[in-house]
Structure formats: structure tokens, C-alpha cells
Amino acid sequence: MPDTGRHYLAIPGPSVMPDAVLQAMHRPAPNIYTGEIHDITRSLVPDLCAVARTAGHVAMYIGNGHAMWEASLTNVLSRGDKVLALVNGRFGEGWANVADALGAQVQRIDFGLCAAPDPARVQQALAADTAQSIKAVTVTHVDTATSALADVSAIRQAMDAAGHPALLMVDCVASLACDRFEMDAWGVDVAISASQKGLMTPPGMGFIFCNDRARRAGATANCRTPYWDWAPRIDADEVYRYFDGTSPTHHIFALRKALDMIHDEGIEQVWARHDLFARAYWAAFDAWGQGGSMRINMTDPATRSRAVTTLRLDPPQGTALREWLIDKAGVTLGIGLGMVPPGDPAADGYFRVAHMGHVNMNMVMGVIGAMDAGMKALGIAHGERAADAAAQVMASA
Ligand SMILES: Cc1ncc(COP(=O)(O)O)c(C=O)c1O
């Protein structure tokens, strides 16, 4: 790894943390009984809800995305309840597995690894549930393994068209503050997220957003446990209650700063920036693909995340390029995840480029230049003028 310059961790979380976020944590432990930490914690609630575009509630936790999978399900499910899990990558499957472990009856719809969930199939599955016993539909807004983007609004419309009362639960771990997400306008009942991606804060905090409908539906859920229970956290008025114990003080300082930055930029502009950088990357990937094996996993741009892109080269070139970038260029890209069965050498074709969070144009263009150099150095066949294609997109903004 080069010693000069700043290494760029371009993986889909943890994402790059702004210096201002890091500096916000560089202070002594605060008095947790009174004062500033209470005010700051309270102030996170409306600002997190604004990022998720909800007038509903947020429960904050010490925990990561996996913790939020479990926490969210325990708040709405009783053992034996039915869940319809939409799966199109490792993360959708991960959430479904948690529901299995909690004793739910999980019906999966598998859309494969190169497609977004098809709302028509969701409508069909719900219409077939004539007893309306399915309690919740789980959707991964961005499956970080495949980089597929779900059309959450269309899934809600499909649920309504089936006349089904199930809760719509959405995993926004990878998408929040990257891809447009409109919790209330899209009719989402429960959304989960975590601190380490679009929120530009260290891993370790998780969030559940919910509306009153979800709170009512979960009021008698027998999977509830004292620690994951969202009610005391939502209804809290002092910092010990928000976190059911000692609060993550320095994460709170960091998150406060990150939310200020998101607010100052404006959430619409945050989404527009992610859209621009994603399109610039895709133009470069397509240009390379003209003269070689590089392919974007999600062929239809309408089904692609603006936070991360999953790519494929002929194996083992994906891994070779990733390793070259770490060694020579000071860039770490994401590994491929769950695209082939464990042990299959084809895994070495897949890798992921993250474009989430605290990213600017020169970071994107730098990664494109470094990838180009890596392919040349390794003799990986590729088309030319990728940086030019990306620059055209950047210039059109
Ligand atoms: C969409 C999605 N859901 C859930 C998770 C799990 O989050 P964590 O690694 O914080 O447990 C991830 C992590 O990358 C993710 O991308």
C-alpha cells in the first residue's frame, strides 16, 4: 500500500468519514447525567426522520444493520406469524433468515441476483393469501451484494392493489442518504438503517423508523424483548432511555455533525450528487466493457443503486484488479458478495465500487483513473476513453 496521500476506502460501508465528523468525536467523555449530551441526542430524532422523509418515529440503538433486522422484526412479529420476504441478494436473504430464527413462517420470493423485485409477483403472492395472514413484507431497498435498487413505491402500490394489510418493512441500510427514499410518500411502515454508510458515521448505531400503524400492529407482538423494544426508545425524553442504558456518546457527537452536513447540503442535493457520480461511474464501466469483459451486474439502469455498483470481470481478474488497486493506488474496492456458491472460483470475477456518502468528483475520477491504470498494468482487456465518458457525465451536471 503506498505511504503517500490518503487511502480511499471505496467499499460499501464503512464509508469515508468527513474530517469534521472525526473531529466531532475527538473530545473527552461527556457528563451523561445532564446537559449537552441530552440536548444533542434529542435533536437527532427530528433530523434523522427528515433524512428518512417521515413524520413518524425513530428508535435509536447501539447496533449495526444485522441488529436492526432482528430489532425491527421482534417489534412487529409474534411466533408463527407469516412474513413475505423479497430476496434478490445476500442481504434480503439475511433478513429472511432472521425472521426464520425468530419462529416466523417465511415465504420467500427469489428474484435472482440480477433483478429488482417484480411488484406483479408481490401482488400475486398477496392476492393468493386470501386469509390475509401475512403480517409483513420485507424488502431490501438496495441489496448491497447485487447493487439492485427496489422500486419501493411500486411494491406499496402492488400491496394496495391486492388489498392486503401487511406491513411494508424496508431495509435502507445501504440506501439512506444515498438513493432517494421517501418513507411516508411511498407508504413504508417500517424502515431500518445504520450509521456507517450514507450517514458517514462510524459503524455501531442503528435506527428503526416506524409509523403509528406499525406501532399498533406490533403492540401485542410476542417476539418483543426488553432491549429491542422500540416503545421506550421512541417515547424517551432523556438519553439513558433513548439507548436503554449508557449512550454511545461519541457516535452521537459524530452523527450530530454528519446530520448537520447532510442538512447543509440538502437531502435533494445529496441524492442528486449520488446520482451524478453513479452515472459517471456507469459510463466509465460501459466504456471499459466495450473492449473487454467488464459488465455491470444490473443491466437496467432503472434498477441500479446510486450507492454501490456490483461489477464482473472474467475471473480471476476482479480480485487481481482489486489487489493491484490496494497495493499500487491507495484504493480499496469492495469484494464480491454472494454472487456464486461458496468456493466457486467464479467469485474472483466479482467486485464492487461504492460511491456512497462523503464522496466528491475528484475521488470518483481518481478511482476511474486508477482502475484504468490497473487494467493496463495487469493486461486486462478493456475499452478505452472511460475517463472521458465519465467526464462527459460530470460536465453535464
Ligand atoms: C442492505 C444491507 N442490509 C444490512 C446490512 C448489514 O449491516 P451491518 O453490516 O451493519 O450489520 C448491510 C451491510 O452491508 C447492508 O448493506
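These legends walk through several close-up views of one predicted model. Residue numbers start at 1 along each chain as its sequence is written, and side-chain values use heavy atoms, with hydrogens and water left out. Because this is a predicted model, local features need pLDDT of at least 70 and side-chain atom pairs count only at pLDDT 80 or more, while totals for chains, interfaces and linings use all residues.

Figure 1. Domain 1 brings 28 residues to the contact and domain 2 brings 31 residues, where contact means heavy atoms within 4.5 Å. The size of an interface is often given as the accessible area lost when the parts come together. Here domain 1 and domain 2 bury about 2400 Å² between them, with 58% of it on carbon and sulfur atoms; buried area is the accessible area (1.4 Å probe) that two parts lose on being put together, summed over both.

**Figure 2. Polar links across the domain interface.** Look here for two salt bridges between domain 1 and domain 2, a salt bridge being a side-chain nitrogen of Lys or Arg within 4 Å of a carboxyl oxygen of Asp or Glu. The interface also has 18 residue pairs in polar contact, both residues at pLDDT 80 or more. A polar contact is a pair of N or O atoms within 3.5 Å; within protein, one must be able to donate a hydrogen and the other to accept it, and residues adjacent in sequence count only if both atoms are side-chain atoms. On the side of domain 1 that touches domain 2, helix H11 (267-290) and strand E12 (308-312) are the elements that give two or more residues. H11 gives the most, with five residues. Helices (H or I, at least four residues) and strands (E, at least two) are DSSP runs, numbered from the N terminus.

**Figure 3. A salt-bridge network around Arg180.** Glu268 and Arg180 form a salt bridge, with their closest N and O atoms 2.5 Å apart. Both belong to a network of salt bridges that links Arg53, Arg180, Glu182 and Glu268. For context, the structure holds 25 salt bridges.

**Figure 4. Arg213 meets Asp189.** The side chains of these two residues form a salt bridge at 2.8 Å, N to O. Arg213 lies in helix H7 (residues 212-217) and Asp189 in the loop between strand E8 (167-171) and strand E9 (190-194), so the pair ties together parts that are 24 residues apart in sequence. Asp189 is buried at 3% relative accessibility, whereas Arg213 is partly exposed at 31%. Buried means under 20% relative accessible area, exposed over 50%, and partly exposed in between (1.4 Å probe, protein chains only).

**Figure 5. Two further salt bridges.** Arg27 and Glu36 meet through their side chains at 2.9 Å, N to O. Arg27 is partly exposed at 34% relative accessibility, and Glu36 is partly exposed at 43%. In the other pair, Asp388 and Arg385 have their closest N and O atoms 3.1 Å apart. Asp388 is partly exposed at 32%, while Arg385 is exposed at 61%.

**Figure 6. The buried side of helix H12.** In H12 (residues 317-329), the buried residues are Gly318, Thr319, Leu321, Arg322, Trp324, Leu325 and Ile326. Their cover includes strand E13 (331-335), strand E14 (350-354) and helix H13 (361-378). Just after H12, look for Gly330, which takes a positive phi of about 70 degrees.
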